[in-house]
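Here is a short briefing for you to read alongside the model.

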Amino acid sequence: MNIILLGAPGSGKGTLAKKISKDFDIPQISTGDLFRAIVKEESELGSQVKRIMESGALVPDELTIEIVKKRFQEDDCQKGFILDGFPRTVAQANALEKIAHIDTVILVDLAFETIIERLSARRTCPGCGEIYSTLDYSSNECSKCGATLIQRDDDKPETIKNRLEVYEKNTAPLINFYGDRLFKVSSDKTPEDTYRPVKTFLESMGE
Ligand code: ADP
Ligand code: ZN
C-alpha cells in the first residue's frame, strides 16, 4: 500500500505514520528525517540544507524529489510506503505522479492555534527519533533509549510561524490537487483517537 500523509507541520503526521508503519509493516519515509540525516553529515550540502530548515523554508523541489526517488529504490519500499512530509508543493506532487502509484492520501487536520501549542511543547530524541510533549512528559530523558531530549531548532516560536505560512502558501493547495482521493481525519484528540478511523479505513482498502 502506498500512502501519503498530508497536513500542516505539527498536525501529528509523524506520530500517525509511526502507528501505520508498525501495524501494516510498511516503512515511513519522512523527508524531514532524510534532510536531518543529510545535515548531520556536515557536508557543503548539509550546511545549505541546515540553513534552509532553520529558517522554516522549503528545500528546493529538485533536491527533494531526488532524495525521495533514491529512497524508493531501497528494498523495504517494495511492499509499500508512507510518505510523511512529501509532497509539500504542487511541483513535488506532479513529480510523484510520474514515479509511483498512490493508493490513498490521508489529510491530518488540526487548528493552527493547537498546532502552535503542540509544536512549542514538542521535544525530540536525537538518539532514536521518538517524539515527546512537555504537556504530558516531564522528564528530559528518552524512555526508549535514554538520550537527552532536545527541542528542534525549527520548533522555536519564531520559526513555527514561518513554517505555517509556508504550509498555507505551498502545501495547502495539495488539498485541491488530490480532491476526492483524500481521506480526512481530525487530530484534535489523542494519537489513538486519530489513528482508529485511519486504521479501519486502511483495513477496508486491503479487502
Ligand atoms: P514538520 O512536518 O514538523 O515541519 P519535517 O521534519 O517534515 O517537519 O520538516 C522539517 C523541514 O525539512 C521543513 O521545514 C523543510 O525545510 C524541510 N522539508 C521536509 N520535507 C520537505 C519537502 N517535501 N520539501 C521541501 N522541504 C522539506
Ligand atoms: Zn530515544
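Buried means under 20% relative accessible area, exposed over 50%, and partly exposed in between, with a 1.4 Å probe and protein chains only. By that scale F201 is partly exposed, because its relative accessible area is 22%. This is a predicted model, so local features need pLDDT of at least 70 and side-chain atom pairs count only at pLDDT 80 or more, while totals for chains, interfaces and linings use all residues. Residues are numbered from 1 along each chain as its sequence is written, chains are lettered from A and ligands numbered from 1 in the order in which they are written, and side-chain values use heavy atoms, leaving out hydrogens and water.

**Strands**

- Helices (H or I, at least four residues) and strands (E, at least two) are DSSP runs, numbered from the N terminus.
- Strand 4 (residues 104-109) is mostly covered, with five of its six residues buried.
- Strand 1 (residues 2-7) runs parallel to strand 4 and is joined to it by five bridges; two strands pair if DSSP finds at least two bridges between them.
- Strand 4 also pairs with strand 7 (residues 182-186) in the parallel sense, over five bridges.
- V108 is the bridge partner of G7, and the bridge partner of V108 in strand 7 is V185.

**Around F86**

- F86 sits in the loop between strand 3 (81-84) and helix 5 (90-99), and is buried, with a relative accessible area of 1%.
- Beyond its neighbours within four places in sequence, F86 is in contact (heavy atoms within 4.5 Å) with residues including I4, T31 and L96.

**Zinc site**

- The zinc ion (ligand 2) has C125, C128, C142 and C145 as protein donors, each through SG and lying 2.3 Å from it.
- Donors are N, O and S atoms within 2.8 Å of the metal (3.2 Å for Na, K and Ca), and sites may look incomplete because water is not among the atoms.
- The four donor atoms subtend angles of 97 to 121 degrees, so the arrangement is tetrahedral (all angles between 85 and 135 degrees).
- C125 is buried at 2% relative accessible area, whereas C145 is partly exposed at 40%.

**Aromatic pairs**

- Five aromatic pairs turn up in a search of the whole structure; rings of Phe, Tyr and Trp (its six-membered ring) pair if their centres lie within 6.5 Å, with planes under 30 degrees apart counted as stacked, over 60 as edge-to-face and the rest as tilted.
- F112 and Y167 are edge-to-face, because their ring centres are 6.5 Å apart and their planes at 65 degrees.
- F112 lies in helix 6 (residues 112-121) and Y167 in helix 7, 55 residues apart.
- F183 and F201 are stacked, because their ring centres are 4.1 Å apart and their planes at 10 degrees.

Methods:
Four donors count as tetrahedral if all angles lie between 85 and 135 degrees; four count as square planar and six as octahedral if opposite donors are over 155 degrees apart and all others between 65 and 115; anything else is irregular.
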